[in-house]
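My notes follow in the order I took them.

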Amino acid sequence: MAKKNKIEYISKGLVAHNRRANFDYLIEEKFVAGLQLSGTEVKSLRLGHANINDAFGVEKDGELYISNMFIAEYTNKGYTSHAEKRERKLLLKKKEITDIINALSRKGATLVAMRLFFDNNGLAKLEVGLGRGKKLYDKRETIKERDWKIQKARLLAN
């Protein structure tokens, strides 16, 4: 008897995770934002076809957009489709938008995509972090702290 190839859709939970964000940036504050997506983008996200490793936030005309976020083209598309890397609008409260824009005007501040997920209501959400880029010595310090935690756990286990 042959196995059925049933595709597992993501109805809630994690779609994509940016593991380098905490290593490359010192995250000061996190925000959860909705995304303005088209239908084929949501279908592709439900299949887990997204990459947010290079995504960052930009400000245009008093609104925030996420740039360089990759959502693969939906395979069963009809006559319409979407651009894989396009700027997508972030849906936030007005106060959060003004706070982020004011923070981005400071030198060295950036808005980085952290996690892309579906919430309990099935809506696509993007967790963005407001932070600054780390220097090389900051990265070394992060590695030392991580290694010390691993050694400490080993010592306590023995």
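I worked from a predicted model throughout.

**Strand pairing around S7**

Tyrosine 65 stands opposite lysine 89 in S7. I then checked the two strands as a whole. S5 (residues 63–67) pairs with S7 in the antiparallel sense, over 2 bridges.

Next I asked which other strand to note beside S7. I found S2 (residues 25–35), joined to S7 (residues 88–91) by 2 bridges. These two strands also run antiparallel. In this pairing I noted that glycine 34 stands opposite leucine 91 in S7.

**Helix H3**

I turned to H3, residues 94–104, and asked which of its residues are buried. I listed Ile97, Ile100 and Ala103. They cover an arc of only 130 degrees around the axis, so they sit on the same side of H3.

What do the buried residues of H3 pack against? I traced them to S2, S5, S8 (109–118) and S9.

**Glycine 131**

I located glycine 131 in strand S9, residues 124–133. Its relative accessibility is 2%, so I logged glycine 131 as buried. Leaving out residues up to four places away in sequence, I recorded contacts from glycine 131 to Leu26, Ile27, Glu28, Gly108, Ala109 and Thr110. I also took one distance. Glycine 131 and valine 32 are 99 residues apart in sequence and 15 Å apart in space, C-alpha to C-alpha.

**Glycine 57**

I found glycine 57 in strand S4, residues 56–60. Is glycine 57 buried or exposed? Buried means under 20% relative accessible area. Glycine 57 is at 12%, so I marked this residue as buried. Its contacts, not counting residues up to four places away in sequence, are Tyr65, Ile66 and Leu111.

**Asparagine 18**

Last, I looked up where asparagine 18 lies. I placed this residue in the loop between S1 (13–17) and H1 (21–24). Asparagine 18 has a relative accessible area of 4%, so I wrote it down as buried. Beyond residues up to four places away in sequence, asparagine 18 touches Ile52, Asn53, Val112, Ala113 and Met114.

Terms used: Residues numbered from 1 in each chain as written. Predicted model: local features only at pLDDT ≥ 70, side-chain atom pairs only at ≥ 80, totals over all residues. Heavy atoms only, no water. Helix = DSSP H or I, 4+ residues; strand = E, 2+ residues; numbered from the N terminus. Buried < 20%, exposed > 50% of the residue type's maximum accessible area, 1.4 Å probe, protein only. Contact = heavy atoms within 4.5 Å. Pairing = 2+ DSSP bridges. Arc of directions from axis to C-beta.
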